[in-house]
Amino acid sequence: MGKIALITGITGQDGAYLADLLLKKGYFVHGIKRRASLFNTDRIDYLYQDPHEQNVRMKLHYGDLSDSTNLIRIIQEVQPDEIYNLGAMSHVQVSFESPEYTADVDAIGTLRILEAVRILGLAKKTKVYQASTSELYGLVQEVPQSETTPFYPRSPYAVAKQYAYWITVNYREAYGMFACNGILFNHESPLRGETFVTRKITRAVAKMSVGLQDMLYMGNLSAQRDWGHAKDYVEAMWLMLQQEKPEDFVVATGVTTTVREFIRLAFKEAGIDIEFKGEGLEEKGIVIAVSNEECPLKAGQEVVAIDARYFRPTEVELLIGDPSKAKAKLGWVPKYDLPALIKEMVLADIELFRKEKLLKNNGFKVLNQFE
Ligand code: NDP
Ligand code: GDR
């Protein structure tokens, strides 16, 4: 019999890659999905197995991190060997708009999971992975950031995640639970949510290259992030729960890049050379990039502009992680670097929007019953 895993946030980017990985390793995978008015399982539909089939190894349960009774019931029913708590309101900028909801789900939601495990008498059986984040480091205290770098969270999201981090440590120390934090730096993929910066850029680049969009509106281009690939990072999550002792680990590439440079590399991948007109112009909302002569756009076309709405009340300017502990103790070896990540994302989005363009060119419209 394979192990049993329960994934909160299975419908998200990481949930999808992790479910795929665990199924390949022979696990029975249970996932918690939220009820929504539209289907929200796109990322895992290819893994879904009809419950009427034989040897089904994946099951979805309706649930929510804000509902303890629901979590207790699911954990009791599933009796998991491993819980991966990936569910969260994960958008930093949105957390400024919904701070209380973010605290409930991201902070207290983690407590609800840990407490459910304890109440059900599973403290010695069930291992818990908590999706902690490089956002904990916030205002720069030291670089590169490691497991010992002090935290200085800069958003309601990061403050909520700081509670989740410490309650995980506390349950480990208080009740001897195998509970650990993966302090993961930004990780992306073609499955990344459309409003996170990398995917927003690769989608815009793809749409522009097929003539479906004219301009990309951006916020702070000077922010620096340590971007890796989600596929590599879910491997590290799994490795953490296979250790003899529960410990917290930083997972990062050790390389940092500005948002500005990410934009340049993404356009280049689509055959579009862009030129920034000058540092500092961005704050005034001036258009800052032009295309060259060889690309699918008109020469001199303006392609990127700044929109103040994407600036955050408090920003995290610089993230660069030190993954030495994960490499040494977990034997974690990432397969992707930034150019490979950008290539995969841009090509996937071009494929997506080529299809949309084809439909449009052949007279198909998006259905709108009220038109
Ligand atoms: P996504 O936003 O792609 O996925 C979040 C998941 O959480 C979705 O399945 C979402 O469901 C679910 N969710 C949201 N609210 C609730 C709720 N109230 N109850 C139950 N489930 C809920 O995030 P990622 O996959 O990128 O990230 C996974 C985790 O890792 C998150 O906790 C995130 O904060 C953390 N993290 C992410 C990093 C990254 O760079 N990606 C870096 C460090 C940490 P639905 O599909 O219905 O919206
Ligand atoms: P982040 O990711 O806040 O690091 O959180 P995001 O991609 O949203 O922003 C990265 C940086 O880009 C700047 N930026 C913009 N961001 C967005 N979304 N849209 C824009 O138009 C834009 N312009 C500039 C931001 O200001 C920021 O500096 C992600 C999430 O996955 C979290 O859940 C996770 O914990 C952290 O990564 C690690």
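Phenylalanine 196 sits in the loop that links β7 (187-188) to α6 (197-209), where helices (H or I, at least four residues) and strands (E, at least two) are DSSP runs numbered from the N terminus. Because phenylalanine 196 has 16 C-beta neighbours inside 10 Å, this residue counts as partly exposed. The scale behind that label calls a residue buried if 20 or more other C-beta atoms lie within 10 Å of its own, exposed if 12 or fewer, and partly exposed in between, with C-beta atoms placed from the backbone. From C-alpha to C-alpha, phenylalanine 196 lies 35 Å from glutamate 244, at a sequence separation of 48 residues.

The model is a predicted one, in which local features need pLDDT of at least 70 and side-chain atom pairs count only at pLDDT 80 or more, while totals for chains, interfaces and linings use all residues. Residues are numbered from 1 along each chain as its sequence is written, and chains are lettered from A and ligands numbered from 1 in the order in which they are written.

Next comes a pair of helices. The axes of α8 (residues 259-269) and α10 (residues 338-361) come within 9 Å of each other and cross at roughly 55 degrees; axes are lines fitted to C-alpha atoms, for helices over the stretch in contact, and angles run from 0 to 180 degrees between N-to-C directions. On the α8 side, the contact is made by Leu265, Ala266 and Glu269, and on the α10 side by Pro339, Ile342, Lys343 and Val346 (two residues are in contact if their C-beta atoms, placed from the backbone, lie within 7 Å).

Finally, the chain as a whole contains 10 helices and 15 strands. Of its 371 residues, 45% count as buried. Among contacts in the chain with a separation of 6 or more, 75% join residues 24 or more positions apart. The C-alpha atoms fill a box of roughly 65 × 50 × 40 Å along the principal axes.
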